[in-house]
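Hi,

Here is the structure I said I would pass on.

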Amino acid sequence: MPELPEVETVVRGLQNTIIGETILDLEVPWEKALIADDPYESMVGKSITGVRRRAKYIVIELDRGALVVHLRMTGKLTPLFSEKHVTVMLHFESGNSLYFKDTRKFGRMVYTEDPHDMLAHLGPEPLGEVFTPNLFYKMLRGKNRIIKPLLLDQTFLAGLGNIYVDEALFQSGIQPLSIASAIPRIRVKSLYSAIKSILSASIQAQGTTVLNFSHGDNQSGTYQGALQVYGRGGEPCLQCEQPIVKIKVGQRGTHYCEGCQKKYS
Ligand SMILES: [Zn+2]
């Protein structure tokens, strides 16, 4: 499942390739993938003025309206044609095209006149300027919820997924079943820093993945090697050598170290 860094990587790739293109035609081999009242009427003749990320959404700005894309499990946006698994094709006046490839077909592209309205329910961006340690502390202080699912809740904080939440909680020494409001301010500060540094490092590591992304099916990226707890259940903790524990929290596989992470409740 692509998380914030993967989506950011895709967005950066698209910023270099599709801005300025004008849509000449479209094909929709998998109709469910494109949601628009009248796709042809609303998209053809429009030019792409920008590409940005909001949470895990890719927002392709048109000179009127926008295409909001969610890649879900296996979606990819690529300039490279392939016969298989293409759900939507955008053909540009320049002769270039953009293909929405999606083996599992859960990904969606939505045309909307007002992307702000569609994305208004999302919480702050963890790498955005609005998100400060003080704001984060205030957000957590009011919540008597378990920290792990709270951090996964996109209306609370946008863009974090399972892998990065486990890693951030480990780095800040907070056990995933802790109650948000019980976490002391100093720990909240470390969690804040961990979220920022993990996401930034991962975006850096994904920089080389864009190529793989287009040429093959390697979605793992190079950040994989930096993971401290995620996917390491039963293996020794890199800090204290106790075996990493794997449990389920709200249906999600959750990894942590009993020696290094304290439960606040
Ligand atoms: Zn440990």
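A quick definition to start: a disulfide here is a pair of cysteine sulfur atoms within 2.5 Å. With that cut-off, a search of the whole structure turns up 0 disulfides.

Some housekeeping. This is a predicted model, in which local features need pLDDT of at least 70 and side-chain atom pairs count only at pLDDT 80 or more, whereas totals for chains, interfaces and linings use all residues. Residues are numbered from 1 along each chain as its sequence is written, and side-chain values use heavy atoms, with hydrogens and water left out.

On confidence: pLDDT is the predictor's confidence in each residue, from 0 to 100. The protein averages 91, and 93% of the residues score at least 70. The stretch to treat separately is residues 207–219, where pLDDT stays under 50. The model has 21 contacts for that stretch beyond four places in sequence, a contact being heavy atoms within 4.5 Å.

Now the sheet. Helices (H or I, at least four residues) and strands (E, at least two) are DSSP runs, numbered from the N terminus, and two strands pair if DSSP finds at least two bridges between them. There is an open sheet of 5 strands in the order 2-9-5-4-3, with mixed pairing. Strand 2 (34–35) and strand 3 stand at its edges with a single partner strand each, so one side of each has no neighbour in the sheet.

Helix 1 (residues 4–17) packs on this sheet and touches strand 3 and strand 4. Its direction makes about 170 degrees with that of strand 3; axes are lines fitted to C-alpha atoms, for helices over the stretch in contact, and angles run from 0 to 180 degrees between N-to-C directions. Gly13 sits in helix 1 and is partly exposed, with a relative accessible area of 21%. Its C-alpha atom is 25 Å from that of Gly123, which is 110 residues away along the chain.

Back to the strands: strand 3 and strand 4 are antiparallel over 6 bridges. Gly50 stands opposite Glu61 in strand 4, and Ile48 stands opposite Leu62. The two strands form a hairpin with 2 residues between them, and Ala55 in the turn has a positive phi of about 55 degrees. Strand 4 also pairs with strand 5, again in the antiparallel sense, over 5 bridges, and Tyr57 has His70 in strand 5 as its bridge partner. That hairpin has 3 residues between its strands, with Gly65 in the turn at a positive phi of about 80 degrees. Strand 4 is mostly covered, with 5 of its 6 residues buried.

What about charged pairs? Side chains of opposite charge can pair when their charged atoms come close. I call it a salt bridge when a side-chain nitrogen of Lys or Arg is within 4 Å of a carboxyl oxygen of Asp or Glu, and by this rule there are 9. A few of them:

- Arg52 and Glu61 meet at 2.7 Å, N to O, and Arg52 is partly exposed at 26%.
- Arg53 and Glu125 have their closest N and O atoms 2.8 Å apart. Arg53 lies in strand 3 (residues 48–54) and Glu125 in the loop between helix 3 (115–118) and helix 4 (133–141), so the pair ties together parts 72 residues apart in sequence. Arg53 is buried at 15%, and Glu125 is buried at 15%.
- Arg64 and Glu113 meet at 3.1 Å, N to O. This pair links the loop between strand 4 (57–62) and strand 5 (66–70) to the loop between strand 9 (108–112) and helix 3, 49 residues apart. Arg64 counts as exposed at 52%, and Glu113 as partly exposed at 47%.

There is also a network of salt bridges linking Glu8, Arg12, Arg53, Arg54 and Glu125.

Finally, helix 6 (residues 162–171) is mostly covered, with 9 of its 10 residues buried. Among them are Tyr164, Asp166, Glu167 and Phe170. Gly173 follows helix 6 and has a positive phi, near 70 degrees.

Cheers

Note on methods
Buried < 20%, exposed > 50% of the residue type's maximum accessible area, 1.4 Å probe, protein only.
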